[in-house]
Amino acid sequence: MKLMLLIPLTLFLAFCGGARSTDTRSMDYSARIGTAVQSGGHVCFSINNAKLSPKSVVSLVTPSNPQSVAEAEIIGHSATGCPGIRNETPPQSGYELKLVQGTIQDFMPVIAVSGGADQFTSAASTVTAHLGTDAANASFRSCTSSDGVHLTVWRAKPLQSTRLWHQYYYMGQDLEPTCTEKDTR
């Protein structure tokens, strides 16, 4: 009798939101992941999140080989926004960052993850991150189109797992395309 009551209750909770989903397709990483670029000694961070506060930590992942992680701190909102980001839907917020550990290359976009670098692991020139229970081994990738860079974060191995996040950064110059269809769609 108890088992017969338990089954309908379990089904009811699952359909009414009482059960927690671990499907990464339903999670929105755009409020936690954005793009940063350094130029002229300034680092600009663009993300779909207007609620980040000064002194918040941002991890900067260089997705090209060898991959690396630097750490920055939010100084405040950017008055001019961040150049190079295309197709901002919804519009993204710009922040000024201060590097506090590590380095990034000038004019090369990097993947910026709000939160501390303690969730990141570097091994064999590859960076992985724990971005939640359903993305414990998230990985990072970049590739080029004819005039820009596609930055992506994947649930596990790039191109073989679910893509969690994507941003296009316009470089304004001719590049040798290296992207696959999975990178850009």
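Modeller: Happy to. Sorted by class, the second largest pocket has three nonpolar, six polar and one charged residues in its lining. Here nonpolar covers Ala, Val, Leu, Ile, Met, Phe, Trp, Tyr, Cys and Pro, charged covers Asp, Glu, Lys and Arg, and the others, Gly among them, are polar. Please keep in mind that this is a predicted model, in which local features need pLDDT of at least 70 and side-chain atom pairs count only at pLDDT 80 or more, while totals for chains, interfaces and linings use all residues. Residues are numbered from 1 along each chain as its sequence is written, and side-chain values use heavy atoms, with hydrogens and water left out.

The space in this second largest pocket comes to about 150 Å³. A pocket is an open set of points on a 1 Å grid over the protein atoms alone, where a 1.4 Å probe fits, with protein on both sides within 12 Å along at least five of seven lines; lining residues have an atom within 4 Å of a point. Points are joined across faces, edges and corners, and the volume is the space filled by probe spheres set on them. The lining consists of Pro63, Ser64, Asn65, Gln67, Thr126, Ser139, Phe140, Arg141, Ser142 and Pro158. Strand β9 contributes the most, with four residues. Strands (E, at least two residues) and helices (H or I, at least four) are DSSP runs, numbered from the N terminus.

A cis peptide bond joins Asn65 to Pro66, with omega about -5°. Pro66 sits in the loop between β3 (57-62) and β4 (68-77).

Next comes Phe140, which also lines the pocket. Its ring centre lies 6.1 Å from that of Phe120 and the planes meet at 25°, so the two are stacked. Rings of Phe, Tyr and Trp (its six-membered ring) pair if their centres lie within 6.5 Å, and planes under 30 degrees apart are stacked, over 60 edge-to-face and the rest tilted. This pair bridges distant parts of the chain, with Phe120 in strand β7 (residues 120-123) and Phe140 in strand β9 (residues 138-144), 20 residues apart. Both Phe120 and Phe140 are buried; buried means under 20% relative accessible area, exposed over 50% and partly exposed in between (1.4 Å probe, protein chains only).

Cys143 is buried at 3% relative accessibility, whereas Cys179, at 24%, is partly exposed.

Moving along to the loop between β9 and β10 (148-154), we find Asp147. Asp147 is partly exposed, with a relative accessible area of 27%. Setting aside residues up to four places away in sequence, Asp147 touches Tyr168, Tyr170, Met171, Gly172, Gln173 and Leu175; contact means heavy atoms within 4.5 Å. Asp147 and Tyr170 are 23 residues apart along the chain, yet their C-alpha atoms are separated by 6.3 Å.

There are two aromatic pairs in the structure, and the other deserves a word too. Phe45 and Tyr95 form a tilted pair, 5.9 Å centre to centre with 35° between the planes. Phe45 is in strand β2 (residues 42-47) and Tyr95 in strand β5 (residues 93-101), so the pair ties together parts that are 50 residues apart in sequence. Phe45 and Tyr95 are both buried. Ser93, also in strand β5, is buried at 16% relative accessibility. Leaving out neighbours within four places in sequence, Ser93 is in contact with Phe45, Ser46, Ile47, Asn49 and Ala50.

Lys55, in the loop between β2 and β3, has a positive phi of about 80° although it is not a glycine, and is exposed at 62% relative accessibility. Phe107, in the loop between β5 and β6 (110-114), has a positive phi of about 65° without being a glycine. Phe107 is exposed as well, with a relative accessible area of 53%.
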